[in-house]
Amino acid sequence: MNWKELIENRNRFFWILHTCGWFGFALAQFLGSLLHDLRDIFVIVIFLNSYAGWLLTVPLRYVYRRAWNLAPIKMIAVIIIASYLTAVVWQVIKNINYWEIYKHGWKPEFWLYYTQSSVWSFYIILSWSGLYFGIKYYQMLQKEKQNVFQANTLAHQAQLKMLRYQLNPHFLFNTLNAISTLILVQENKTANGMVTKLSEFLRYSLDKDPMKRVTLTSELHALELYLDIEKVRFEERLSVSLNIADDCQNALVPSMILQPLAENSIKYAIAVKENGGTITVSVNRFGNDLLLELADDGPGAEIKNGNLHRENGVGLANTRERLTALYKDNYSLVVSNNVPSGVKVNIRIPYELGS
């Protein structure tokens, strides 16, 4: 097991550092004892004291786990109180060990003497607590760095893959062919409008970082550009219906999240039906979630475990990959049969507002 794997295995990492720390404390005590004329039996006292410290600080780990999400002031209070109480108990044990073993069972006349030198023990336990939180924050930082690195890697991969399905050569070829046909029949105004929309769509898809989020209004504008281009090809065969809740207009969504879903619907639903069909986009808010749905009324598809069962499909796979990179486990993407026919894709992401 390498160092990276050891750090990631937090439980094993704790026990190794915990044991090494108290072993270091015992070694330091032993080396310090060499400066004094002490009997060899004092080594047993050092061992027992260190072992007691090892045992007593283990429960602190579980106390600090519960205090981890407390407000800073409350967390500091828990650390100080827990450290002091542990230090007092540890000091009592150390004093008993010293008196029983090194002083042959000597006992003080006043019970308060059992806690003498507790301040020094408090400093040791407080240092242990500081190291515990320091290492835990370091592990969190390393985890965040790893997540950022992974997100950047996925962003690069997603951007490369996005070019594969967003700027589909067939889509570009069909669009340019339609523009050429319009020019030949002297539909110059329509051709010019199509070129304008194509340039806007390409600019949007290339400029927007696939790992960044945009407002739903901006995303719907890009989707409408794409669908308007396709409408020139399919004419009356393609209908689009938008049902957008008013409080969702400024909600943040991943850029180009709807276009690959619409492209799937056009390819597998609209294009294969003689009379075409309708693509319906619905967006609503439910509590702290944003619900997006894109549905078609095509012939449907084979669905297994909430996923389309198609070979060589990249649109949904890339969409799911981007959602995972952005939201981790706080999202869902489910594919199901539409009623009465077709396929619908439902996406749930956190509801966040943009500026």
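## One residue and its neighbours

V281 touches L220, L223, S241, L242, N243, I244, L258, E293 and L294, leaving aside residues up to four places away in sequence; a contact means heavy atoms within 4.5 Å. This is a predicted model, where local features need pLDDT of at least 70 and side-chain atom pairs count only at pLDDT 80 or more, while totals for chains, interfaces and linings use all residues. Residues are numbered from 1 along each chain as its sequence is written, and side-chain values use heavy atoms, with hydrogens and water left out.

## The cores

The largest nonpolar core has 48 residues, and V281, L290, L292, I347 and I349 have the most contacts inside it. Helix 8, residues 216-234, gives the most to this core, with nine residues. Apart from it lies another core of 18 residues, including W22, A52, I124 and F133.

A nonpolar core is a set of buried Ala, Val, Leu, Ile, Met, Phe, Trp, Tyr and Cys residues joined through side-chain atoms within 4.5 Å. Buried means under 20% relative accessible area, with a 1.4 Å probe and protein chains only.

## Two helices side by side

Helix 8 packs with helix 9 (residues 259-270) at an angle of about 20°, their axes 10 Å apart. Helix 8 is therefore roughly parallel to helix 9, a word used for angles under 35 degrees. Axes are lines fitted to C-alpha atoms, for helices over the stretch in contact, and angles run from 0 to 180 degrees between N-to-C directions.

## The whole chain

The protein chain has ten helices and nine strands, which are DSSP runs numbered from the N terminus: helices are H or I of at least four residues, strands E of at least two. Of its 355 residues, 39% are buried.

Terms used. Buried < 20%, exposed > 50% of the residue type's maximum accessible area, 1.4 Å probe, protein only. Parallel < 35°, antiparallel > 145°, perpendicular 65-115°, else oblique.
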